[in-house]
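Please open the model in your viewer and keep the sequence beside it. The tour below moves from one selection to the next and says what is found at each stop.

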Amino acid sequence: MPVPVRLQLLELTLTQIATFAFPLVFAVVCGRTLGMHDYGVVSFYAALGGFLGMIIEFGFDWYGTREVARRRDDADHAHRTLWNITAAKLLLCATVASGCGALLLLLRPPGEEALMLASLAYLIGFALDAGWYARALEQTRLLLLVTTGVRLLGIALLLALVPRLATMESALAVYALVSLATSALTWFLLLRRGLARRAGLEADRIGQLLRGASAIVSGNVNGAMLTNGGIALLGLQADAATVGAASLALRVRMAGQAVQLPLQQFGFVRFARLAASAPDDALRFGRRLLAAMLAIGLTVGALAMLAAPHIVGYVFHREEPLAVALVLLLALSVPLQAVAALFGQQSLIAFGLERHYALVQTAATLLFCALLALLPRWVGASAYGWALLGADLLVLLLSGTVLACCRPGRAR
């Protein structure tokens with residue numbers, strides 16, 4: 001019996017609450033225990049792992065979801081897609097980790113090797129993640145079970161270990177464990193329920209997947225440059241306290257986005273199906289989705305702005321002006337980013353306009369990096385927030401222009 005849409009949305013909502021509850025609790029526990037400086041160092045490695053994860057993911061989450069959703073009745077195609085995408089991600093993980101590890105040993109201060117190993121473990125878990133496959137099959141309950149169980153365990157470990165040990169290594173070890181446990185449990189349940197069966201690895205198929213997702217990865221990596229990549233970049237040019245303040249603000253924004261993600265993810269699966277067979281229906285569905293996401297984004301952003309001083313005061317034991325300013329700016333960006341994501345990542349990929357998506361995100365990244373370099377002389381250490389706002393606005397404008405100029409029914 002098909003699961004009702006409202007129940008699927010509820011399960012996805014609870015899944016996203018659990019997903020983003022962990023990094024938010026992580027920020028609070030680490031900020032209060034380690035202080036702004038050491039939390040900044042931990043944030044650098046966490047953000048670097050998140051950014052490198054986008055390279056490893058290579059656009060496969062969106063590409064694979066679209067391919068499986070469009071051919072749900074072809075079980076053999078779904079299984080082959082899952083196994084070959086996982087193999088490709090592991091190969092990318094080995095390549096990225098070896099290259100980045102060598103650079104970190106050269107550029108970072110000595111004594112951070114344990115932090116680097118924890119980041120490597122996180123990347124392995126990220127490469128093995130099969131959550132996209134469960135979403136494509138609309139297995140929302142399985143996702144809820146895995147995400148909630150693992151995140152609750154992670155939060156319990158954070159509360160038990162980090163305040164007691166008060167070390168950066170213990171914090172990042174828990175962060176990595178959550179990534180590995182999520183992937184392991186997802187695979188176990190998929191195999192146990194017969195939703196995934198072993199399929200042979202095919203070099204030609206992996207090459208085809210890499211080519212198909214190549215445009216998406218460019219867009220995704222550029223998109224990640226505005227968030228985790230921006231924090232990592234900030235860690236190379238600013239003091240650790242500024243990195244800590246910016247990371248907390250980003251965590252607040254991500255928590256706000258978590259409220260919208262169930263609608264985004266569920267909407268993309270339906271959007272991809274309609275885009276392939278009925279573009280006009282897809283556009284009508286997109287308009288309803290836009291209204292809902294904008295309403296949610298405005299509400300969440302306003303609440304986050306009101307709570308900004310209280311959040312910063314609780315985490316850092318006092319109202320750090322820089323952290324408050326950055327939380328306010330990133331809360332303001334919540335509705336803006338929601339619309340930008342719908343126009344850009346969701347709509348352009350669903351209609352087969354991956355190259356346009358990549359170009360839009362590349363332009364936004366260039367603007368972000370330019371603003372991050374130029375704005376400090378005028379706005380000081382809050383430049384990260386203003387640069388992110390500018391990049392989100394550019395994504396919205398360019399993506400909307402592409403959608404208006406290209407006829408989705410003819411997209412390839």
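Begin by selecting Asp392, which is found in helix α15; helices (H or I, at least four residues) and strands (E, at least two) are DSSP runs, numbered from the N terminus. This is a predicted model, in which local features need pLDDT of at least 70 and side-chain atom pairs count only at pLDDT 80 or more, while totals for chains, interfaces and linings use all residues. Residues are numbered from 1 along each chain as its sequence is written, and side-chain values use heavy atoms, with hydrogens and water left out.

Is Asp392 buried or exposed? Asp392 is buried, with a relative accessible area of 4%, where buried means under 20% relative accessible area, exposed over 50% and partly exposed in between (1.4 Å probe, protein chains only). Show its surroundings next: leaving aside neighbours within four places in sequence, Asp392 is in contact with Leu226, Arg253, Ser333, Leu336, Gln337 and Ala340, contact meaning heavy atoms within 4.5 Å.

Asp392 and Arg253 form a salt bridge, with their closest N and O atoms 2.7 Å apart; the term stands for a side-chain nitrogen of Lys or Arg within 4 Å of a carboxyl oxygen of Asp or Glu. This pair links distant parts of the chain, since Asp392 lies in helix α15 (residues 383-405) and Arg253 in helix α10 (residues 240-277), 139 residues apart. Arg253 counts as buried too, at 3% relative accessibility.

The structure holds 3 salt bridges, and the other pairs can be selected in turn. Glu112 forms one with Arg108, the closest N and O atoms being 3.1 Å apart, and both Glu112 and Arg108 are buried. Arg318 forms another with Glu320, where the closest N and O atoms are 2.7 Å apart; here Arg318 is exposed, with a relative accessible area of 56%, whereas Glu320 counts as buried at 17%.

Leaving aside its neighbours within four places in sequence, Phe316 is in contact with Gly31, Met36, Tyr39, Gly244, Leu248 and Ala323. Phe316 also belongs to the largest nonpolar core, a set of 121 residues in which Phe22, Phe26, Tyr45, Tyr133, Phe316, Phe368 and Tyr384 touch the most other members. Helix α1 (residues 5-57) gives the most to this core, with 19 residues. A nonpolar core is a set of buried Ala, Val, Leu, Ile, Met, Phe, Trp, Tyr and Cys residues joined through side-chain atoms within 4.5 Å.

Select helix α9 (228-237) next. Of its 10 residues, 7 are buried, so α9 is largely enclosed by the rest of the structure; the buried ones are Asn228, Gly229, Gly230, Ile231, Ala232, Leu234 and Gly235.

Finally, show the whole protein. How many helices and strands are there in the protein? There are 15 helices and 0 strands. Of the 412 residues, 57% count as buried, and among contacts between residues at least 6 apart in sequence, 85% join residues at least 24 apart. The accessible surface comes to about 17,300 Å², of which 66% belongs to carbon and sulfur atoms; accessible areas come from the Shrake-Rupley method with a 1.4 Å probe, and for residues only the protein chains shown count as cover.
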